[in-house]
Amino acid sequence: MSEQLSSEQQRLIEAAKAAAQATWSPYSNFPVGAALLCADGEVIHGCNVENISFGLTNCAERSALFAAISRGMAPRTFKAMAVYAPKVELISPCGACRQVLAELMAPDALIVCQGSDPAATRVWTLEQLLPGAFNHL
Ligand code: THU
């Protein structure tokens with residue numbers, strides 16, 4: 001399914017592409033970038049950061065969210081996130097990131113995902129990514 005992106009969503013994808021440049025992914029060779037749109041319009045970057053102890057890897061989506069929270073931005077106010085990964089036709093956030101997105105994004109946030117094929121770009125709601133999420137806030 002192809003999506004028509006707004007200019008703001010397209011800008012966010014460009015930011016996610018730039019964020020992917022900072023990746024530390026020598027084990028998977030699978031760079032991922034994320035760009036988080038904050039309530040005040042600021043865009044926070046995240047990338048995947050791997051470790052030789054593989055289980056310690058942090059995905060780009062969580063890197064962006066944790067960076068924003070660490071900078072004092074309020075949880076559940078983030079309006080959108082773009083995720084970009086050039087080594088796959090269309091990137092799809094992992095289960096762990098879906099759980100974290102469900103808790104920390106604004107409830108009506110959209111997640112824009114793009115891989116090597118722009119025509120395959122998808123825009124997801126949080127409910128689509130993780131239906132019936134464990135969330136009691
Ligand atoms: N990864 C992300 O950063 N985000 C995703 O949505 C999927 C996977 C990372 C984790 C690991 O560094 C590499 O991609 C391969 O799984």
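How many of the 137 residues of the protein count as buried? The share is 45%, where buried means under 20% relative accessible area, exposed means over 50%, and partly exposed is in between (1.4 Å probe, protein chains only).

A word on ground rules before the points. This is a predicted model, with residues numbered from 1 along each chain as its sequence is written. Local features need pLDDT of at least 70 and side-chain atom pairs count only at pLDDT 80 or more, while totals for chains, interfaces and linings use all residues, and side-chain values use heavy atoms, with hydrogens and water left out.

1. **Overall size.** The C-alpha trace spans about 35 × 35 × 30 Å along its principal axes. The radius of gyration is 14 Å, which agrees with the value near 14 Å for a compact globule of 137 residues. That radius is taken over C-alpha atoms, and the globule rule is 2.2 Å times the number of residues to the power 0.38.

2. **The parts list.** You'll find four helices and five strands here. Both are DSSP runs numbered from the N terminus: helices are H or I with at least four residues, strands are E with at least two. Walk along the sequence and the pattern reads α-β-β-α-β-α-β-β-α.

3. Take the contacts (heavy atoms within 4.5 Å) between residues at least 6 apart in sequence: 64% of them join residues at least 24 apart. Here is a pair to look up on screen: Ala 18 and His 45 are 27 residues apart in sequence, yet their C-alpha atoms are 8.3 Å apart in space. Ala 18 sits in helix 1 (residues 7–20) and counts as partly exposed, because its relative accessibility is 41%.

4. The five strands make an open sheet in the order 2-1-3-4-5, with mixed pairing. Strand 2 (43–47) and strand 5 (122–125) are the edges, each pairing on one side only. From one strand to the next, the twist averages 20°. Two strands pair if DSSP finds at least two bridges between them; strand 1 (residues 33–37) and strand 2 have five, in the antiparallel sense. Look for Leu 36 there, standing opposite Ile 44 in strand 2.

5. **Helices on the sheet.** Helix 2 (residues 60–70) lies across strand 1, strand 2, strand 3 (78–84) and strand 4 (105–114), at about 135° to strand 2. Helix 3 (residues 95–104) lies across strand 3 and strand 4, at about 140° to strand 4. For these angles, axes are lines fitted to C-alpha atoms (for helices, over the stretch in contact), and values run from 0 to 180 degrees between N-to-C directions. The buried residues of helix 3 are Cys 97, Arg 98, Val 100, Leu 101, Ala 102 and Leu 104, and they pack against helix 2, strand 3, strand 4 and helix 4 (126–129).

6. **A charge without a partner.** Glu 61, in helix 2, is buried yet has no salt bridge. Arg 62, the nearest side chain of opposite charge, is 6.5 Å away. In this bookkeeping Lys and Arg are positive, Asp and Glu are negative, and His and the chain ends are not counted. Leaving out residues up to four places away in sequence, Glu 61 touches Ala 34, Met 81, Val 83, Pro 93 and Cys 97.

7. **Three salt bridges.** Searching the whole structure turns up three, a salt bridge being a side-chain nitrogen of Lys or Arg within 4 Å of a carboxyl oxygen of Asp or Glu. Arg 122 pairs with Glu 3, with the closest N and O atoms 3.6 Å apart. Arg 122 is in strand 5 and Glu 3 in the segment before helix 1, so this pair ties together parts 119 residues apart in sequence. Arg 122 counts as buried at 18% relative accessibility, while Glu 3 is partly exposed at 23%.

8. **The other two.** Arg 71 and Glu 42 have their closest N and O atoms 2.5 Å apart. Arg 71 lies in the loop between helix 2 and strand 3 and Glu 42 in the loop between strand 1 and strand 2, so the pair ties together parts 29 residues apart in sequence. Lys 17 and Glu 14 come to 3.8 Å between their closest N and O atoms. Those two are about one helical turn apart, because they are three residues apart in helix 1.
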